[in-house]
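Subject: Structure for you to look at

Dear colleague,

Here is the structure I said I would pass on. My notes on it follow below.

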Amino acid sequence: MTRKEKRLVWEERISSYKQSGLSIAKWCDENNVHESQFYYWKKKLNTDPKVDNTSSKWLSVEVDKYDNNPDSSILIKLGQASIEIKHGFDPSLLSEVVKALRID
């Protein structure tokens with residue numbers, strides 16, 4: 001079995017577990033799967049959104065009035081941190097700062 005085929009099999013197994021409503025132990029017992037294998041593949045496939053380090057959480061933003069003044073700024077609050085964005089900011093730097101401050 002190729003790696004790709006094995007991955008597809010485990011994606012199906014984990015999906016089946018999630019739909020079953022059973023505990024992992026019970027599902028593994030009923031499906032003749034070793035729990036250690038199940039946990040290994042669950043982690044490898046990163047199917048739990050709580051541990052998905054690549055996902056983004058988008059927030060809606062309301063802007064009362066657009067100000068085209070180059071001296072204007074936007075204040076972003078992430079938990080207890082605040083970020084002030086001014087005209088000419090570096091979008092990639094902002095992205096890195098937000099990732100560093102991400103609240104799970």
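Over the chain the mean pLDDT is 79, and 76% of the residues reach 70 or more. Where pLDDT is low, the predicted coordinates should not be read in detail.

Overall layout

The chain has 4 helices and 2 strands, which run α-α-α-β-β-α from the N terminus on. Of its 104 residues, 14% are buried. The exposed surface comes to about 9,200 Å², with 50% of it supplied by carbon and sulfur atoms. Among contacts between residues at least 6 apart in sequence, 32% join residues at least 24 apart.

The nonpolar core

The largest nonpolar core has 10 residues: Trp 10, Ile 14, Tyr 17, Ile 24, Trp 27, Cys 28, Val 33, Phe 38, Trp 41 and Leu 45. The elements that give two or more residues to this core are α1 (3–20), α2 (24–30) and α3 (35–45). In soluble globular proteins, nonpolar side chains tend to be buried together.

Helix α3

The buried residues of α3 are Phe 38, Trp 41, Lys 42 and Leu 45. Seen down the axis of α3, these residues fall within an arc of 105°, so they line one face of the helix. They pack against α1 and α2. The face of α3 turned away from the buried side carries Ser 36 and Lys 43, which are exposed. Leaving aside residues up to four places away in sequence, Trp 41 touches Lys 6, Arg 7, Trp 10 and Ile 14. Just after α3, Asn 46 takes a positive phi of about 50°.

Salt bridges

How many salt bridges does a search of the whole structure find? The search finds 2.

- Arg 7 pairs with Glu 11, with 3.5 Å between the closest N and O atoms. Both residues lie in helix α1, 4 residues apart, about one turn of the helix. Arg 7 is partly exposed, at 35% relative accessible area, and Glu 11 is also partly exposed, at 36%.
- Glu 30 pairs with Lys 26, with 3.6 Å between the closest N and O atoms. Both residues lie in helix α2, 4 residues apart, about one turn of the helix. Lys 26 is partly exposed, with a relative accessible area of 41%.

Ile 83

Not counting residues up to four places away in sequence, Ile 83 touches Ile 74, Leu 75, Ile 76, Leu 78, Leu 94, Val 97, Val 98 and Leu 101. Ile 83 and Ser 73 are 10 residues apart in sequence, and their C-alpha atoms are 10.0 Å apart in space.

Regards

Conventions:
Residues numbered from 1 in each chain as written. Predicted model: local features only at pLDDT ≥ 70, side-chain atom pairs only at ≥ 80, totals over all residues. Heavy atoms only, no water. Core = buried A, V, L, I, M, F, W, Y, C linked by side-chain atoms within 4.5 Å. Buried < 20%, exposed > 50% of the residue type's maximum accessible area, 1.4 Å probe, protein only. Contact = heavy atoms within 4.5 Å. Salt bridge = Lys/Arg side-chain N within 4 Å of Asp/Glu carboxyl O. pLDDT = per-residue confidence, 0-100. Arc of directions from axis to C-beta. Areas by Shrake-Rupley, 256 points an atom, 1.4 Å probe, with all protein chains shown as cover.
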